[in-house]
Amino acid sequence: MGITETDKNFVAASYARFPIELKSGKGSLAYSADGKEYIDLGSGIAVNTFGYSDDRWTAAVTEQLSRLSHTSNLYYTEPAANLARLLCERTGLKKVFFSNSGAEANECAVKVARKYSFDKYGEGRHTIVTLRGSFHGRTITTLSATGQDSFHTLFSPFTEGFVYADADNAEDVKRLAQENNACAVMIELVQGEGGVRALGRDFVSEVFEFCRERDLLLICDEVQTGNGRTGSLYAFQQYGIMPDIVSTAKGLGGGLPIGATMMGERVENVLTPGTHGSTFGGNPVCAAGAFNVIGRLDEAFLSEVRRKSDMIFSQLRGADGVKNVTGLGLMIGIETEKDVRTVINDCRERGVLVLSAKNKLRLLPPLNIPDGLLMKAIGILKECLK
Ligand SMILES: *Cc1c(COP(=O)(O)O)cnc(C)c1O
């Protein structure tokens, strides 16, 4: 039995996979079992920050792996402590809770927001306003938080306490927050799965001000936008706001599963012993990988991310078959004239891996992709878009 067949027989059928078995990878290149080379503009969905098996990252991870692979959160360990310090220093947030995925990072954000409000105002002030077109995860609560009706079927009953405002409509956010006695507003500064849509600056600052005035917490879901992806360490740093809670995961571990919920001044003491936990959270190996990632995303590196982003935008804007290009940094959405599936398949046949988001093509290249490979891949993509 081949791998494809074994997978089909034994792995739950929740994924519609492409017909390739990836066997190895280095940097921005992936190799399939049948020996074909691909330039990967998807990075394992914004996870492989420095591409596949980056040397310095691999060294940091394997060094930790042979020193102390896992313990429990009953003991102090160096990688998690140092990672938390680094994240706080680089963001201005005050405390970090570590988990293993984006959905869990958001679950923690929801718990912190609700407990902050419960501690201060008592029962009933628990609703969270999220935005239409958002995506916050696959657990029952984060599906509930996701502002897309298509995610609110099949698994009822869902967690209560989420209402959905129109993105870029601050009046709608305010109205829903007031009508529902909300405790928080949760936003993705660039909606990823919802179609790579950057929120407007005015909308974001208006929501930020409103939250400040009413003691609502502003939660930024930076699971996808975080960790250098948009050209700043976190996207909120380009929006001139200071969220109360920032959740992240995907690119944080550079290829290992780690989520983080960062908490600002107002909520830094909300979690107390016993109120939240995770067996694997802050695992030393994952934390060592993440420390390597965050440590390398300095201003010089981030300006390269922005330069590469500008290159892609200028190549694609107005190109044949392109209706428009959206996004921020190396998180890019392309509205295509051709059917997106066709473009993805043509690209794959010609050795370039790209993703979709809703009806758009989505690019999430490794942040350190060399210019030569990037331009080669964009050239092939442009041929396929025509
Ligand atoms: C991917 C994603 C999630 C879910 O992350 P998982 O690690 O798959 O649980 C949540 N929010 C956003 C914005 C995402 O892009």
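This is a predicted model: local features need pLDDT of at least 70, side-chain atom pairs count only at pLDDT 80 or more; totals for chains, interfaces and linings use all residues.

Student: Which residues in α3 and α9 meet?

Tutor: From α3, Arg-56, Trp-57, Ala-60, Val-61, Gln-64 and Leu-65. From α9, they meet Pro-284, Val-285, Ala-288, Gly-289, Asn-292, Val-293 and Arg-296. The residues of this contact divide into eight nonpolar, three polar and two charged.

Student: New topic. Which residues of α11 are buried?

Tutor: Helix α11 spans residues 340-349, and Val-340, Val-343, Ile-344, Cys-347 and Arg-348 are buried there. Seen down the axis, the buried residues of α11 fall within an arc of 130°, so they line one face of the helix.

Student: What do they pack against?

Tutor: Several elements, including strands β3 (37-40) and β14 (331-336), and helix α12 (371-385). After α11 comes Gly-351, with a positive phi near 90°.

Student: Now Thr-261. Where is it?

Tutor: Thr-261 is in strand β12 (residues 259-263).

Student: Why does Thr-261 count as buried?

Tutor: Because its relative accessibility is 0%, and buried means under 20%.

Student: What is Thr-261 in contact with, beyond its neighbours within four places in sequence?

Tutor: Among them are Lys-95, Phe-97, Cys-108 and Val-246. Val-246 is 15 residues away along the chain, with 5.8 Å between its C-alpha atom and that of Thr-261.

Conventions
Residues are numbered from 1 along each chain as its sequence is written. Side-chain values use heavy atoms; hydrogens and water are left out. Contact means heavy atoms within 4.5 Å. Helices (H or I, at least four residues) and strands (E, at least two) are DSSP runs, numbered from the N terminus. Ala, Val, Leu, Ile, Met, Phe, Trp, Tyr, Cys and Pro count as nonpolar, Asp, Glu, Lys and Arg as charged, and the others, Gly among them, as polar. Buried means under 20% relative accessible area, exposed over 50%, partly exposed in between (1.4 Å probe, protein chains only). The arc is that of the directions from the helix axis to the C-beta atoms.
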